[in-house]
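This briefing concerns the aromatic contacts of one model and the packing of its helices. Please consult the sequence and the structure alongside the points that follow.

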Amino acid sequence: MEIIKHIEKAKKGDQVAFTFLLDYYWNEVYGFMLKRTENETNAEDITIETFSKAFDKIATYNSEFQFNTWLIAIAKNVHIDLLRKNKSSLFVEITDDEDQQAYNIADTTPSAEDELIIEQNLSRLLQFIKELKPHYQEVIQLRYFQELSYQEIANKIGEPLSNVKIKLLRAKKLLAEIIQDNR
């Protein structure tokens with residue numbers, strides 16, 4: 001009820017009411033913007049701009065809505081405007097941290113050494129698979145190299161789906177044992 005009285009007074013131009021509303025809602029709006037911007041200076045600037053706009057337009061406030069919701073909506077719009085303004089500027093200011101982050105982004109393309117290691121590991125894996133019995137080799141080949149579904153494998157080898165699942169389970173277990181023994 002006290003908030004509603006202050007809003008009504010603020011609508012009539014009462015500076016004390018404005019100050020009360022600013023003090024009462026500052027932390028909520030600032031905290032919200034700090035989470036969005038992750039920058040104290042920007043959050044503070046947006047919060048100041050939000051209250052400035054809110055007090056300029058307080059006559060348009062609809063009391064059917066929560067006052068803090070109205071303030072947050074204004075803050076979101078101020079933030080969007082700021083982002084648009086920054087996006088349209090030719091030069092973008094970045095902090096040292098942002099620069100370092102950009103520098104540290106990993107290049108996911110494999111190097112020549114990585115490709116050689118992958119090729120050698122694949123070659124060793126294929127040698128280990130050849131140590132399995134032929135029917136286990138077949139299900140491993142179909143599942144992991146041809147990427148067939150369990151049902152597609154069952155259709156291809158003419159066996160029930162449950163058999164395919166069991167064969168794959170056994171094949172993987174035997175393959176793991178072979179790899180372990182060769183370490």
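This is a predicted model: local features need pLDDT of at least 70, side-chain atom pairs count only at pLDDT 80 or more; totals for chains, interfaces and linings use all residues.

**Aromatic contacts and helix packing**

F20, Y24, Y25, Y61, F67 and W70 are joined into a cluster by ring pairs. Over the whole structure, the search returns ten aromatic pairs.

**The pairs of F51**

- One of the ten aromatic pairs is that of W26 and F51, whose ring centres are 6.0 Å apart; because their planes meet at 20 degrees, under the 30 degrees that limits stacking, the pair is stacked.
- This pair connects distant parts of the chain, with W26 in helix α2 (residues 15-37) and F51 in helix α3 (residues 40-56), 25 residues apart.
- W26 has a relative accessible area of 22% and is therefore partly exposed, whereas F51, at 2% relative accessibility, counts as buried.
- F51 also forms an aromatic pair with F55, tilted, with 5.9 Å from centre to centre and 45 degrees between the planes.
- F51 and F55 are four residues apart in helix α3, so about one helical turn separates them.
- Both residues of this second pair, F51 and F55, are buried.

- R143 is placed over the face of Y150, 4.4 Å from the ring centre.

**Helix α9**

- The 21 residues of α9 should span 30 Å at 1.5 Å a residue, and the end C-alpha atoms are 30 Å apart, which agrees.
- Buried in α9 are V164, K167, L168, A171, L175 and I178.
- These buried residues fall within an arc of 100 degrees when seen down the axis of α9, so they line one face of the helix.
- In general, an α-helix has 3.6 residues a turn, so residues three or four places apart point the same way.
- The exposed residues L169, K173, Q180 and D181 lie on the face of α9 turned away from its buried side.
- The cover over the buried residues of α9 includes α6, α7 and α8.

How values were computed. Residues are numbered from 1 along each chain as its sequence is written. Side-chain values use heavy atoms; hydrogens and water are left out. Rings of Phe, Tyr and Trp (its six-membered ring) pair if their centres lie within 6.5 Å; planes under 30 degrees apart count as stacked, over 60 as edge-to-face and the rest as tilted. Helices (H or I, at least four residues) and strands (E, at least two) are DSSP runs, numbered from the N terminus. Buried means under 20% relative accessible area, exposed over 50%, partly exposed in between (1.4 Å probe, protein chains only). A charge sits over a ring if NZ of Lys or CZ of Arg is within 6 Å of the ring centre and within 35 degrees of the ring normal. The expected span of a helix is 1.5 Å times one less than its number of residues. The arc is that of the directions from the helix axis to the C-beta atoms. Contact means heavy atoms within 4.5 Å.
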